[in-house]
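Please keep the sequence and the model in view while reading.

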Amino acid sequence: MWSSRLFWKLFFVYVGLTLTLAVGFLFVAINSQRDEINRQVEQRLLDTALVLRSHLAELLSDVIDRERLTAQQRDTRALELQSLVKRLATETKTRLTLVDSSGEVLSDSERDPATMLNHARRPELIAAREYGVGSATRQSPTLRIDMYYVAIPMETAGGNQAFVRVAVRVDEINERVAALRRYLWLFALLLGLVGTALTYAIVGRVIHPLAQLTARAKAIAGGEDEDPVPIQSSDEVGVLAEAFNQMQSQLARRFRELRENNQQMATVLGSMAEGIIAVDADERILLANDTSKNLLSFSIDEEIGRPLLEAVRSRPLQEIVQQCLTDGNSVQTEFEVAGAN
């Protein structure tokens, strides 16, 4: 089977198909899972923002609604808000930012809000103001790293608008995608190995009986009498093996009959006192008995298959043979052969 070109042709075709399907599945799965991870991250940030909005509503109202408290009280509440924002950000493992309607940063878990630029033109805040929820992936001008943002608006007790923004680092998302990609590559590799092993077994199971049939056919062509091919299935290959065995049995029987007939003919020809030579349409010697050898002085073993005129230098004999082949009738004549025993 290792030397079977058909086996390797089918094997590589099916292995190629298996690997193509595995790689195709891999890319489809990676893309779909990347989208799913992004969707899950966005939903988690949105859920976190909704929960944090309820926790921060009272403090945020005290800081924004200036007429409710004195300046000193608002400063105290601002410090409390900043502390609470940092604690909640740590617990949720996110970056948390509070922004008023003008874009001024009221509190941030990573930086001092007094040092931060105005956020009025941040795309996630613009979208949150227009659609109720805003998201964006971009580099943070403050942290200089890529972040994924989700922002939602909120109303304070005094009717003022503010925004709660939650963010995570993009590299954290990429790490999750990379881990998933490694898992899927490993899965695709295992799938490819299993598919290759199964392909080898299946193709080998199909090709093995065909290889046996080929070997037996060559043996028969070489004159060897081989045992029947074992039938291991009832499919088309099994039917072919059964038909081959029947053909082999019939050929063996006919070969035995031919050998017996040849032996009988050789016995009959050898016992005859008359010389007998058989030629084909091209006047080549097919058989001759010992008497013809003695009469015409040639070697039977050496002259079989040669033209009659080369084996027997007798023009009358050639003319008789040619006349017989031309007319298709029997011809009788007499001639002398020089040097006959």
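Two strands are said to pair if DSSP finds at least two bridges between them. Helices (H or I, at least four residues) and strands (E, at least two) are DSSP runs, numbered from the N terminus. The model is predicted: local features need pLDDT of at least 70, side-chain atom pairs count only at pLDDT 80 or more, and totals for chains, interfaces and linings use all residues. Residues are numbered from 1 along each chain as its sequence is written, and side-chain values use heavy atoms, with hydrogens and water left out.

**The sheet**
- Five strands form an open sheet in the order E2-E1-E5-E4-E3, and their pairing is antiparallel.
- Strand E2 (105-108) and strand E3 (134-139) are the edge strands, each pairing on one side only.

**Pairing of E3 and E4**
- Six bridges link E3 in the antiparallel sense to strand E4 (residues 146-155).
- Gly-134 has Ala-151 in E4 as its bridge partner.

- E1 and E5 run antiparallel and are joined by six bridges; Arg-95 has Ala-167 in E5 as its bridge partner.
- E1 and E2 also run antiparallel, joined by three bridges, and Leu-98 is partnered by Ser-107 in E2.
- The hairpin of E1 and E2 has four residues between the strands, and Gly-103 there takes a positive phi near 100°.
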